[in-house]
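Please keep the sequence and the model in view while reading.

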Amino acid sequence: MSSLIRFQYGGHATFPVRYGWLPKGASRLRDKGGFIANAATADDLGLGSKMVDSLGYWLDMTGIGTPREGGRSAIEPSPLSELILQHDPHFELPGTWWFLHLALARREGTVWSWFFNDYTDRIFDRIACTDSFLQFTRSHAIRPATPGAAQREIACLIGSYAARPGVDVVDPIDVGACPLRELGLIIRHDAVNRFERTRNPHAVPVEAFLASASALAADLDKSALSLRELTSVRGGPGRILCMGFDAIEEMIGKIGGGRWSDGIGVETSAGERHLVVSPRDHGSWLAELYARVASRTKRTAA
């Protein structure tokens, strides 16, 4: 990240993505062939004007939709949205949200990418996190954030991910609850007004881990990644999935003990284990997750 990058601020209008939003948005993309954040869309979906703007932002950021070339504020469906609607139309599977998180965390020029790739504090408070983001944009952004913009970005980040110890139980009266909290990546300690980044997240699907590792292999132009690289290199599962060395070593053990095709495996070189994985797009890994879930469901039903 030696050159200045273009940061995006405020498209979410401070709204974390809410339960039910993305299924509505993805269905709109499919049924109408696109999504435009206007009054007609807001009325059809039962959202306020700012909320429908926010939904358009989340469709874009998660890769559910892609901006239409030459179409101002218009979004069209992506292959990812078609895949999810086919297998998880209500966005109920945790694996779906792990892949949406991967898309967010690898979206350069956003608070999401900054927090999961560049912010190193494990325990932090809201003020320290905001100050760090503000300073980072002053050094790396073409247009640095203002103090107010930085506060709003961090507020949305914390509102999206921060959960009580364990995995947050959704309060039915909390209309602003966000499904990303269920991943358990940021722990909220209300008594001391602190937040903690986990080092052993809840039930990371092996396909999400492999998708993250595959993207890192493409970044580094490598076919084999050491545990150190998987744990510490920017863009890898150690940072994006908040997995410490022990969690990654355990995951590598699962992969090494399983049966995999397409060049996936674990090998030992110079006394160190390496994950062998070929670069592939996230959609192909998500399709494998859905196939595994469907197979397990069939076995259970039988």
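Contact here means heavy atoms within 4.5 Å. The model discussed is a predicted one.

## A helix across the sheet

Helix H1, which covers residues 21-32, lies across S1, S2 and S3, and its direction is at about 85 degrees to that of S3.

Strands of a sheet pair through backbone hydrogen bonds, either parallel or antiparallel. In this model three strands form an open sheet in the order S1-S3-S2, and their pairing is antiparallel. Strand S1 (35-36) and strand S2 (65-67) stand at the edges with a single partner strand each, so one side of each has no neighbour in the sheet.

The antiparallel pairing of S2 with strand S3, residues 74-77, runs over three bridges. Within S3, glutamate 76 is the bridge partner of threonine 66.

## Two packed helices

Two packed helices are described by the angle between their axes and the distance between the axes. For helix H5 (residues 94-105) and helix H9 (residues 206-220), the packing angle is about 20 degrees and the axes are 9 Å apart. Because angles under 35 degrees count as roughly parallel, H5 is roughly parallel to H9.

The crossing of H5 and H9 is right-handed. On the H5 side, Trp98, Phe99 and Leu102 take part in the contact, and they meet Glu207, Ala208, Ala211 and Ser212 in H9. Sorted by class, the contact of H5 with H9 has five nonpolar, one polar and one charged residues.

Technical notes: Residues are numbered from 1 along each chain as its sequence is written. This is a predicted model: local features need pLDDT of at least 70, side-chain atom pairs count only at pLDDT 80 or more; totals for chains, interfaces and linings use all residues. Side-chain values use heavy atoms; hydrogens and water are left out. Axes are lines fitted to C-alpha atoms, for helices over the stretch in contact, and angles run from 0 to 180 degrees between N-to-C directions. Helices (H or I, at least four residues) and strands (E, at least two) are DSSP runs, numbered from the N terminus. Angles under 35 degrees count as roughly parallel, over 145 as roughly antiparallel, 65 to 115 as roughly perpendicular and the rest as oblique. A crossing is left-handed if the near helix is turned anticlockwise from the far one by less than a right angle, and right-handed if clockwise. Ala, Val, Leu, Ile, Met, Phe, Trp, Tyr, Cys and Pro count as nonpolar, Asp, Glu, Lys and Arg as charged, and the others, Gly among them, as polar. Two strands pair if DSSP finds at least two bridges between them.
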